[in-house]
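Please go through this model with the sequence at hand.

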Amino acid sequence: MTEDDQIERDARRQANIERRKLLVQKRQEAERRAVVDKLIQQQEHSKSVRADDNRRDEREDVERKRDRILLRSNGVIMSFRPSSINVPVAWPRENPPEIRQCAVCAMPSKYACRKSLKRVCSLRCYKAVEQA
């Protein structure tokens, strides 16, 4: 090998090294651009999601701020929007259930005789009604 061949070979090696460096730099730059683009897309998406959340929160706040009427009946709370105030304000009270009395001793009764259907409060009264 001559000295000229050696110089030519070294020049080709240097050119190949330079080309590889340029290719690596181009790849790295493309990767950086891809990462930046992805970050920008994520940022835009999160902004739109936050804007949607804010709009929803504002709508819910408006609905919560509407005047409401609270009615209580037997411990139950009911709320109505002002547009639906066709509901009676005072709830009609139901009469308490009738307390049934024993046919023998006039105590509150839980049971009834099978034959006569008279109300009884205990086994002793039941036997008394059956015998009568």
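The buried residues of α2 are Cys-125, Tyr-126 and Val-129. Seen down the axis of α2, these buried residues fall within an arc of 105°, so they line one face of the helix. Strand β4 is included in what covers them.

**The core**

Which residues make up the largest nonpolar core? There are six: Cys-102, Cys-113, Val-120, Cys-125, Tyr-126 and Val-129. Helix α2, residues 123-131, gives the most to this core, with three residues. In soluble globular proteins, nonpolar side chains tend to be buried together.

Cys-102 belongs to this core. Leaving out residues up to four places away in sequence, Cys-102 touches Met-107, Ser-109, Arg-119, Val-120, Cys-121 and Cys-125.

**Ser-109**

Ser-109 sits in the loop between β2 (76-80) and β3 (111-112). Is Ser-109 buried or exposed? Ser-109 has a relative accessible area of 12%, under the 20% cut-off, so Ser-109 counts as buried. The side chains of Ser-109 and Arg-119 are joined by a polar contact of 3.3 Å. Beyond its neighbours within four places in sequence, Ser-109 is in contact with Arg-100, Gln-101, Cys-102, Arg-119, Val-120 and Cys-121.

**The chain as a whole**

The protein chain has two helices and four strands. Along the sequence, the pattern reads α-β-β-β-β-α. The chain has 132 residues, and 7% of them count as buried. Among contacts between residues at least 6 apart in sequence, 3% join residues at least 24 apart. The chain exposes about 12500 Å², and carbon and sulfur atoms supply 51% of that area.

**Confidence**

The chain averages a pLDDT of 81, and 75% of the residues score at least 70.

| Element | Residues | Mean pLDDT |
|---|---|---|
| Strand β1 | 69-73 | 50 (lowest) |
| Strand β4 | 119-120 | 94 (highest) |

Over residues 67-71 the pLDDT is below 50. Beyond near neighbours in sequence, this stretch has 22 contacts in the model. Where pLDDT is low, the predicted coordinates should not be read in detail.

Definitions and conventions
Residues numbered from 1 in each chain as written. Predicted model: local features only at pLDDT ≥ 70, side-chain atom pairs only at ≥ 80, totals over all residues. Heavy atoms only, no water. Buried < 20%, exposed > 50% of the residue type's maximum accessible area, 1.4 Å probe, protein only. Polar contact = N/O pair within 3.5 Å; in protein donor to acceptor, adjacent residues only side chain to side chain. Contact = heavy atoms within 4.5 Å. Core = buried A, V, L, I, M, F, W, Y, C linked by side-chain atoms within 4.5 Å. pLDDT = per-residue confidence, 0-100. Arc of directions from axis to C-beta. Areas by Shrake-Rupley, 256 points an atom, 1.4 Å probe, with all protein chains shown as cover.
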